[in-house]
Amino acid sequence: MTAILSVKDVKLAFGGVKALDGVTFDVPQGEIVGLIGPNGAGKTTLFDCISGYQRPDSGTITYYENSGTVELVGLPPHERVTHGIGRLFQQARMFPSVSVRDVLRTVQHRRMKVGLFRSVLGIAGAGAEERDVAARADEALELVGLSAHADKPAMELSTGMLRLCELAAIVAVRPRLLLLDEPSSGIAQKETEALLPLLKRLRDRLDATVLVIEHDMPLVMGLADRIVAMAQGKVLTQGPPAKVQAHPDVLASYLGTRATASTNGKRR
Amino acid sequence: MTEFLATLPGGLVTGAVYALLAMGLVFIYKATRVPNFAYGALAALVAFFHYSLVNGRHIGVHFNALFIHVGVDATVRLPFWGAIPVSLAFAALVGYLMERFVMRPFARAPMVTNIIITLALSVLFSALAQQWFGANDLIVPNGQAIFPRTSALSIGGVKMSWEQLGVIGLVLAFAAGLFFFFRFTETGLALRAVATDRDVASLQGVSVRRVSTIAWVFGSMAAGIAGVMLASLIVSSNPSLLFILSIWGFAAAIIGGMISFPIAVGAGFAIGTLLEVMRHYVSKADPTKFVGMPEFVTLGAVIVILALRPRWIFKGIREEQDSGVVSRASGVDLRVGRFIDPVEMYRLVRAAFGQVIPPRVWRLIKLAVPVLLVAVALAFPLFPLPEFWTFPLNLTLIYLLVILSFVVVVGWLGQISLATGAFVAIGGAGAYIGANFLHLPFPLPIVTGILLSIPVSVLIGLPALRLRGLHLAIVTLLFGLVVERAVLPRFSAASVLQRPSFLTSDRVLYYFFLACAAIAFAFAWRLSKTRMGRAFRAIRDSEVVASAYGIQPVRTKLTGFAISGGIGALGGAMLTYQLGSIQAQYGGVAFSITWLLQSVVAGITSILGPVIGAVAFGLFPEVSQGAVQAAHITFWEPIVASVLIIVIMAINPEGIASMARFLRTRVSAHDVEDDEDLDAIKSAASELKEPARV
């Protein structure tokens, strides 16, 4: 097992609150890793650290490319796409006023190389590049079945459709590592069930590694090859879904038995 | 040292003025979260009202009914202090009307909307003040000063008048009063609760509406007092002067994070003192050489403080995820112009009848619009138009570029910038330098103007990298002010820019301008279709999401500022050739504000917005003015524009957006049903099952 992402001893405190308190885990290449934990466990904060919107106080986040390693701490957010890291946000929104078709062209920003003046004049391969980007956008749209909505501004889509639009963006960008922050948020229960096969197939198609935060237990347990359970800024346990699900600390942190108080107090 | 000390009283008085304005701004912001750009103009309006009462105001009411004429003619004249309650009541009434009919519909609007609305009110108040009380400056003679202008004390060369002492005293008393009001009264507590969290406060039983009404009424009364005091202190004042003073007040308020009275007051005194002391030394050393220097240094200090982002500054200000220029949950956005935007109309009609009419026809229509526009533009001067048309026609092409400059930076990039007027001035200055100092042959001075604007726009773009919304609006306003004070005065009417011999005719110049405008237009239009144009809109809609897809905020914003500045500078260079010299009325702060508002009305996000705006607000008024030669109606133009903007924005929320949805659902039957999401996700899943073609 080779890791694609390695989080080591990441700490981040906001004032007196330790949002991340020494988080360490690896994301193996090609797997779907589920990140679970109760509210306030530090999952989204960790995602923000990985995607560059927060800078950890200490610790390293290493990303393994085919050609070498990249230290993600200190790298600005927009540099990550070029390394093949994509992120979806908890609240799907994309660019509300931009048409769905243009959204899917916009997200391919870093694939385009022709400079400002050449692209304005439409010379030196600008046209070919634009056609390539447009083709890929249309292909991605068709793939998720949004072609009929291509001319609508993103804000006119329903939450579920917006999710599909985001996933189409991922198809167009083709990241190696995909960070998903609660893909089921804002979607009804039966749609969540439909989301499971969709996400799996997306992964297969892109041949990507996925790190996903999810509250919906059936979804994440069915989706993930491996689970990392967090609570209060720490990793409680990690391993295959069945094992993590049965772990007493995980049960305790979700159900809030008295065991949480005592084990947390004693062990850490 | 004594010389320095002697400058201090003047500095402190100026500082007191800024502190007073800053307190009023903070007061309203705390309770309503609205940055009130109309504050200075409101102060001016009340001051004009007050002094017209003091000087005697003629009131005439006449009725004609059933051949009977009833007429009342009276002159109202009140003593200074007797007029104060009436003026305050007037201010309170204006404040109430403002809250009730203008601000309330925008209670949950994004910051950008509030900025635009209060700027519109500001233009409205200045225009009303001048319409009612005359375009001349308000001059307060010694006999009508708020306190006697006789010397009160003199300690070792430091002299102060009763008026100066009184104003400083009043401001400090006002500060103390506010402090106690917020700390110890129930209303003050309610205001603080609303300031901390609107929703929680209203859940606790605080009436947010009542608090908002109180804030606007009291805030406006404070503006009224400030206005009367300032008019007396400055001796000769006008609405635009008070507006400019209020920008410095804004700078002080924003250093206090828009919430801290003590910091705002301190910053007001500091800014005033810094400006006055520097002005003294500049006027002693070499007034012409160092003109604008004090403003420049003070602006630098303000930018540095803001860029350092001390925690207290950003604590109180809504930092918004998206720019708010285009659509948010609140539904209020800046796309007022979409009501008349042909591009939007085209889309709507096409969405409705797309299937009925073959695509070839659509392509024809799409092509016909620009061809028609160009044809009309080319043919215009060939019509047998009266002579007074030529100058407005040329000016219209320049206004076109001014609006285009706003469209790029505000409409597309989503950065609220009021620096376009400054770029017009810089473009003019660049052309002048290119022609008269570098002795470049004809079209090249225009290029000099554009080139000069690029480093300047990067300079003004730099704060934009760290500042957004309100902060950026204030920094760009101050920048515009500095250019107005530092650049424009260096070019007197005597510094003439000669046209080349083949362009002396305005009609020939028109075609040259048309070519310039067409190039800029084609550039902007093409840009909107490329990767950079898309990156602009992505940054406007959400910087966070944009950067997740690899769009570099820094590079994108600087590019946008440079392109917008370049277009503005091109307009400025053309303007200077048209006028023959650099004229201060084109290129100041007021110019920027007026044209930003008119851009919003014409369509700030649309490529055709500039065409509509330039014709509606450039050609039409200029021509009608030329035709009627009626100078006394000039103030109605800003009044109409600013009222229009407020009314359209207030009724805008579901306007055309819902209409678009209606048309679409009728034709394509794509109703958003409950199960549609489910079906879509399921079918997407089955699509993906197909073997990868990637």
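Let's start where the two chains meet: 39 residues of chain B are in contact with 44 residues of chain A. Keep in mind that this is a predicted model. On chain B's side, the elements that give two or more residues are α19 (506-529), α20 (531-541), α21 (543-548) and α27 (676-689). Which of them gives the largest share? That's α27(B), with 11 residues. Sorted by class, the side of chain B that touches chain A has 20 nonpolar, 9 polar and 10 charged residues.

Now zoom in on α20(B). This helix is mostly covered, with 11 of its 11 residues buried. Among those buried residues are B:Arg531, B:Arg534, B:Arg537 and B:Arg540, along with B:Asp541, B:Phe536 and B:Ile539. What do they pack against? From chain A there are α2 (100-106) and α3 (116-121), and from chain B there are α15 (390-412), α19, α21 and α22.

Speaking of α22(B), here's how it sits with another helix of chain B. The axes of α17 (residues 443-466) and α22 (residues 553-579) come within 7 Å and cross at roughly 145°. The crossing is right-handed. The residues in this contact divide into 17 nonpolar, 9 polar and 1 charged.

Next, the nonpolar packing. In soluble globular proteins, nonpolar side chains tend to be buried together. Here the largest nonpolar core has 293 residues. Those with the most contacts inside this core include A:Cys165 and A:Ala168 from chain A, and B:Ala251 and B:Leu478 from chain B. Who touches B:Leu478, leaving aside its neighbours within four places in sequence? The list is B:Ile247, B:Ala251, B:Leu299 and B:Val302.

One more residue deserves a look: B:Pro610, which lies in helix α24 (residues 609-628) of chain B. Is B:Pro610 buried or exposed? B:Pro610 counts as buried because 28 C-beta neighbours lie inside 10 Å, and the cut-off for buried is 20 or more. Setting aside neighbours within four places in sequence, B:Pro610 is in contact with B:Leu400, B:Ile403, B:Leu404 and B:Val407. B:Phe437 is 173 residues from B:Pro610 in sequence, and their C-alpha atoms are 33 Å apart in space.

| Residue | In contact with |
|---|---|
| B:Leu478 | B:Ile247, B:Ala251, B:Leu299, B:Val302 |
| B:Pro610 | B:Leu400, B:Ile403, B:Leu404, B:Val407 |

Conventions. Residues are numbered from 1 along each chain as its sequence is written. Chains are lettered from A and ligands numbered from 1 in the order in which they are written. This is a predicted model: local features need pLDDT of at least 70, side-chain atom pairs count only at pLDDT 80 or more; totals for chains, interfaces and linings use all residues. Axes are lines fitted to C-alpha atoms, for helices over the stretch in contact, and angles run from 0 to 180 degrees between N-to-C directions. Helices (H or I, at least four residues) and strands (E, at least two) are DSSP runs, numbered from the N terminus. A crossing is left-handed if the near helix is turned anticlockwise from the far one by less than a right angle, and right-handed if clockwise. Ala, Val, Leu, Ile, Met, Phe, Trp, Tyr, Cys and Pro count as nonpolar, Asp, Glu, Lys and Arg as charged, and the others, Gly among them, as polar. Two residues are in contact if their C-beta atoms, placed from the backbone, lie within 7 Å. A nonpolar core is a set of buried Ala, Val, Leu, Ile, Met, Phe, Trp, Tyr and Cys residues joined through C-beta atoms within 7 Å. A residue is buried if 20 or more other C-beta atoms lie within 10 Å of its own, exposed if 12 or fewer, and partly exposed in between; C-beta atoms are placed from the backbone.
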